[in-house]
Amino acid sequence: MGWMRFRKKEMPEGLWTKCDVCEEMLFQKELLEARKVCKKCGHHFRMSVAERIDSLLDPESFREVAADLEAIDALGFVSKGVAYPKKLTDEQKKTGRRDAIVIGTGRIRGREIAFGAMEFEFLGGSMGVVVGHKVLLAAELALERNLPLLLVCASGGARMHEGALSLMQMAKACTALARLAQAGGLCVTLLADPTTGGVTASFATTADVVLAEPRALIGFAGPRVIEQTIKQKLPKDFQRAEFLQQKGQLDRIVPRAELVDTLDRIFTGLLGPVVTGAGPHLTGVPGANGHESGRPATATLAPSDARPPIAS
Amino acid sequence: MASAHDLKDWLDFEKPIAEIDQKITEIEKLATTAPAALKPQEVLAEVGPLKNLRDKLIRKIFSELTPWDRVRLARHPRRPHATDYIEHAFTGFLELHGDRCYGDDQAISCGLAALGPRRVLVVAHRKGKTTKERVAANFGCAHPEGYRKALLKMRLAEKFGVPIVTLIDTQGAFPGIGAEERGQAGAIAKSIQEMATLRVPVVSVVIGEGGSGGALGIGVADKLLILEHAYYSVISPEGCAAILWKDAEKKGEAAKALRLTAPDLLELGVVDGVIEEPPGGAHRDPVGMAATLRTALLSQLDALSALPVVELLERRYAKYRAIGKFRWSAATAET
């Protein structure tokens, strides 16, 4: 909902980017190689879905599904003379995406997973019918193929332009995730900056393991709404990932440099090592991103085929 | 029924109706205090046409309501609350307090009750009637412990096969420091996700304000109903206007754009049914409204209780899976 507040500063065109936090000038190529983390202050820049896929999944492993899903203007929504379909077209041109989420399958250190990542630049990553339905499809895919599910969240909340239909997507997504959970499926979410509103109050926080990026703003209501409601200033670092972890609302904050390794350790720790035949990228093989596997030996853990069978 | 003498509680478009009511009351009062001055036939002759006029006026005014008018009716100071329906539509309400963890959120009340021949669990937002009650209930804006309490009691009902009725009436879940610290989003999310798995029938009714996630937190149901002049929205019209119009005063336009009225929501497939209110709104006849509500709930519970649990859960899944149309870029519409 309050996604307009999060619109990021336009980056200067060209080779150099200024850090939003410490104002260090960063060489664009180096910044991308560092997974968009400022080398001086450690600030995690927001990432596009393409950058997420590149930095998280094994090379060439991502297969998108339901890419063609598009929103329709069920309400005939017009605000300040701008019709929603026009807004959608603009956002599509800006991001190259049809809506605010991309789903599919991919591999992390050779383990096949169902994957979804939200495109914050698309209307503030807001959740309308397409986002809700694609989270459902990702959960159904994970269930059908017995894959762990990873959802990278970045959203201002439910999309106003689709009214109560957007609200109902919270229930739709959670209904599908409930079914996955009941069948013994694993769901991991990564909350990136910012994750607020209807996304936080639905699929982002019901996962088996909830991770967050450093300093990510995470909350139910946006800080301005809270300030206006309670008419007092908010504590320092309120609603930042570190604050939430301290309050017991998160499993772990993971810097990007450790993300692939951490995910691999979570998947292996819960599901066992990747079994041979799962694909060409077997566990323990350094990813093409150059990360060495830092996980401990897993020989004592149950193999992945020992997971409880999934009801069809 | 509250006295019509006090005009301050009435909305501007209701004032002409309230004025006629006032006249009728005066004449009837005169007839009882000074029966010699006014014969019964004279009272009838005076009051009859006035009542006709009033009813005609109600029909006219209520056929021309704007979406914003309906939002104001949903927030009407005289509008019946869940507590009124608990009193008049249910019997033997026994409240069960607390989330067994942090506290007892007064903004959501839960309890065992009977609805006609059926045993049910009622989960309802509470707004409070007096100032003291309103403050205690935080004006119906729940904290995480409210949602945790609701889920705990719903699991209890599930364990003993007791169907669940939820009555929704909130501006929204509370946006505050404590709420965020204690995991407002997570508590609502968990309630939403677990309601999807409840192995007993769940019927939810939006009786006044259906304020976003705070409403949905107790609103995942096999059947979702809404009273004729209630609303259900992803964001308040004021909030939407402030963000998209950059002007909270454009709330009327936002209310229209959001399609948040009962007939709109029925058309969009968000709700499964609209419960008609007495002429002029539920506040003109709360007891009559409660009777209509009881009938509607019983008919839904009768149908749902006849289903095997597997079928019930399968239908609930299919219902939510189908909400909201989209298209494939080839431009073929699909649900």
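**Figure 1. Strand S4 of chain A pairs with strand S9 of chain B in this predicted model.** S4(A) and S9(B), the latter made of residues 326–328, run antiparallel and are joined by 3 bridges. One residue of this pairing is A:Leu69, whose bridge partner in S9(B) is B:Trp328.

**Figure 2. The interface of chain A and chain B, seen as a whole, brings 63 residues of chain A into contact with 50 residues of chain B.** The size of an interface is often given as the accessible area lost when the parts come together. For chain A and chain B, the area buried between them is about 5100 Å², and carbon and sulfur atoms account for 71% of it. Residue pairs in polar contact between the two chains, both residues at pLDDT 80 or more, number 15. Several elements of chain A each supply at least two residues of the side that touches chain B: strand S4 (69–71), strand S5 (78–79), helix H4 (129–145), helix H5 (163–182) and helix H7 (223–230). Helix H5(A) gives the largest share of that side, 17 residues. Sorted by class, the side of chain A that touches chain B consists of 37 nonpolar, 18 polar and 8 charged residues.

**Figure 3. A salt bridge links B:Glu181 to A:Lys247.** Side chains of opposite charge can pair when their charged atoms come close. Here the N to O distance between the two side chains is 3.8 Å. Across the interface of chain A and chain B, 4 salt bridges are found.

**Figure 4. The rings of A:Phe77 and B:Trp245 form an aromatic pair.** Over all chains, the count of aromatic pairs comes to 6. The pair of A:Phe77 and B:Trp245 is tilted, with 6.4 Å centre to centre and 55° between the planes. Because A:Phe77 sits in the loop between S4 and S5 of chain A and B:Trp245 in helix H10 (residues 237–245) of chain B, the pair joins two chains.

**Figure 5. Within chain A, the side chains of A:Asp68 and A:Arg98 meet in a salt bridge.** The distance, N to O, is 3.7 Å. A:Asp68 belongs to the loop between strand S3 (63–65) and S4 of chain A, and A:Arg98 to the loop between helix H3 (84–95) and strand S7 (101–108) of chain A, so the pair ties together parts that are 30 residues apart in sequence. The structure holds 52 salt bridges over all chains.

**Figure 6. Two views of the chain A backbone show a cis peptide bond at A:Pro194 and a positive phi at A:Gln239.** The cis bond runs from A:Asp193 to A:Pro194, with omega near -10°. A:Pro194 is part of strand S10 (residues 187–196) of chain A. A:Gln239, a residue other than glycine, has phi near 70°. This glutamine, A:Gln239, lies in the loop between H7 and helix H8 (241–246) of chain A.

**Figure 7. B:Pro67 meets residues from another part of the chain B sequence.** B:Pro67 is in helix H3 (residues 67–74) of chain B. Between B:Pro67 and B:Ala255 there are 5.7 Å in space, C-alpha to C-alpha, although the two are 188 residues apart in sequence. With neighbours within four places in sequence left aside, B:Pro67 is in contact with B:Ala255, B:Lys256, B:Leu260 and B:Thr261.

Terms used: Residues are numbered from 1 along each chain as its sequence is written. Chains are lettered from A and ligands numbered from 1 in the order in which they are written. Side-chain values use heavy atoms; hydrogens and water are left out. Contact means heavy atoms within 4.5 Å. Buried area is the accessible area (1.4 Å probe) that two parts lose on being put together, summed over both. A polar contact is a pair of N or O atoms within 3.5 Å; within protein, one must be able to donate a hydrogen and the other to accept it, and residues adjacent in sequence count only if both atoms are side-chain atoms. Helices (H or I, at least four residues) and strands (E, at least two) are DSSP runs, numbered from the N terminus. Ala, Val, Leu, Ile, Met, Phe, Trp, Tyr, Cys and Pro count as nonpolar, Asp, Glu, Lys and Arg as charged, and the others, Gly among them, as polar. Two strands pair if DSSP finds at least two bridges between them. Rings of Phe, Tyr and Trp (its six-membered ring) pair if their centres lie within 6.5 Å; planes under 30 degrees apart count as stacked, over 60 as edge-to-face and the rest as tilted.
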